Amino acid sequence: MASMKTSPGLVNFFIYNSTFAPKEGMEKQKIVLYIPPGENIDRKIKNIGLCEALVKFTQTFSPDKPCSSLHTQKTRQVFFEAEPDFWMIMTVSIPFSEKMAKDGKMMIEYHDEDVLDSVLDAVLKQAYKMFKLFNGTFAYIIKSHNLEALCKRLEHFYTSYLQTLNFSQFDLLDVFSGINFLPVDKTTFLRIQSFINVIEHSFSQIRYTAFLYSEKLVWSGLEQEDMRTLYKYLVSSLFPTTNDLESIENPRSQGYVVVQPKSHHGRFITGPTELGDVPTPRTPPKIFVNTDSEQEELILVVYKALEATICLMVSGPYPSMDLFRKIDNFIGPQLTTLASVVGEQSAKKQQSSDQQYRYLYFNHMNLAQKTSVHSRRSSLPIVAPEIMRLMGDISTDFASFQEDGETFVKTMSDCWIVGRKSDQRELFVILNQKNANLIEIDEEVKRLGITQFNNIFFLD
């Protein structure tokens, strides 16, 4: 009888820089961050030394692509050179279960197939991008302050950030880290663009703007990679936290929500909670964009009306309360009206989900993502974990071959998984048709392509 399988968990996380300790006996100075901090210093030095040796050894054979992961029976370790000479290492435990052997003894069985390198690599890179979004690059912090300041910021950030990671829930969507776009008609899009242009012209402090509706991106003035990281923060951290607070402050009663009288429904998500004579202080966060060139430091002001959200990236000092009031008076009524217009249009296009299949689409060129494999409310997959792992394996194969192609997989439970890659676009379809053959599954996938992706070109 087998015991319940454990979940993968974080073993350690550290950052080192070999140039900080050029001589023997200075190994401790290589350590920029090590979590857990209470681990024995000799063990810290030993772990970092092993990783350093692996990187240098593999660079001999592949200077541009040294060691990226290390597999052992009990752990999986991933490597990432975040900035020149700054190596980030993350070690994750392999899930295991106990089962009875033939001789009556209990034996441990490790399930290394439950942990994918591509997923852990994406999680590690995302951890760096999130730090950079709120603190800037490592080199920038050292140049602006010093190495000690960098170590303190890293410890402060990652001590909290790593606690939010649930390795049993990461999957292919974390590898793609795409953006859900909301398509609108030309008239509505031009209306939104005009509204943003007026905002940026009226408030000179606003450098960039992003417009979202129901957690889907409609417009952004940021560079693609910056918007990708900001979008991840908004939908995975800021919006869920805000929704939880709303449910506490405005409990539903008999199907309606009690709303305070106001000329519009606008309010600040980051910024003051109230705009009266004695406002409630709440400092909006700083973010860093264009870190490869200018290293722009901005203040993120997020404003919401109904399901519409507008992100204002403000330069200079923190906005005064007078500026917050002007933004509220100017944006509130117009955003409320826009939210109603986009909401009506979105409701007309909404289609009921077909229970016969689930799909996942990602475009590597514009980061567009469309999926029905995750629950919108909980952001958790609504398909079996082994199905998600199979999709991850297929995507890894696509990346390694660098060619367009198609893969059909039939599981032991008679579930079909179809992966299709065409011109930097990937489409995965999950079909529960037990008695279907390969030709019928192929026809079903083509029908799905016509109904759900009629404007997207896929090679046959």
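Guide: Exposed means over 50% relative accessible area, and buried means under 20%. The model discussed here is predicted.

Visitor: Which exposed residues does the face of α9 turned away from its buried side carry?

Guide: Helix α9 covers residues 385–401. Its buried residues include I387, M391 and F398. The face turned away from that buried side carries the exposed residues P385, S400 and F401.

Visitor: Within what arc do the buried residues of α9 fall, seen down its axis?

Guide: I387, M388, M391, G392, I394, S395 and F398 are buried in α9. They line one face of the helix, because seen down the axis they fall within an arc of 160 degrees.

Visitor: What do the buried residues of α9 pack against?

Guide: One helix is among the partners, α5 (172–176). The strands are β14 (357–363), β16 (405–410), β17 (416–422) and β18 (425–431).

Visitor: How far apart are the end C-alpha atoms of α9?

Guide: The helix has 17 residues, so at 1.5 Å a residue it should span 24 Å. The model agrees with that, with the end C-alpha atoms 25 Å apart.

Visitor: Which residue follows α9, and what is its phi?

Guide: The helix is followed by Q402. The phi of Q402 is positive, near 55 degrees.

Visitor: Is T91 buried or exposed?

Guide: T91 is found in strand β5 (residues 86–93). Its relative accessible area is 4%. The cut-off is under 20%, so T91 is buried.

Visitor: Which side chain does a polar contact of 2.8 Å join to that of T91?

Guide: Beyond its neighbours within four places in sequence, T91 is in contact with residues including G9, N12, T75 and Q77. The side chain joined to T91 by the 2.8 Å polar contact is that of Q77.

Notes: Residues numbered from 1 in each chain as written. Predicted model: local features only at pLDDT ≥ 70, side-chain atom pairs only at ≥ 80, totals over all residues. Heavy atoms only, no water. Helix = DSSP H or I, 4+ residues; strand = E, 2+ residues; numbered from the N terminus. Buried < 20%, exposed > 50% of the residue type's maximum accessible area, 1.4 Å probe, protein only. Polar contact = N/O pair within 3.5 Å; in protein donor to acceptor, adjacent residues only side chain to side chain. Contact = heavy atoms within 4.5 Å. Expected span 1.5 Å × (residues − 1). Arc of directions from axis to C-beta.
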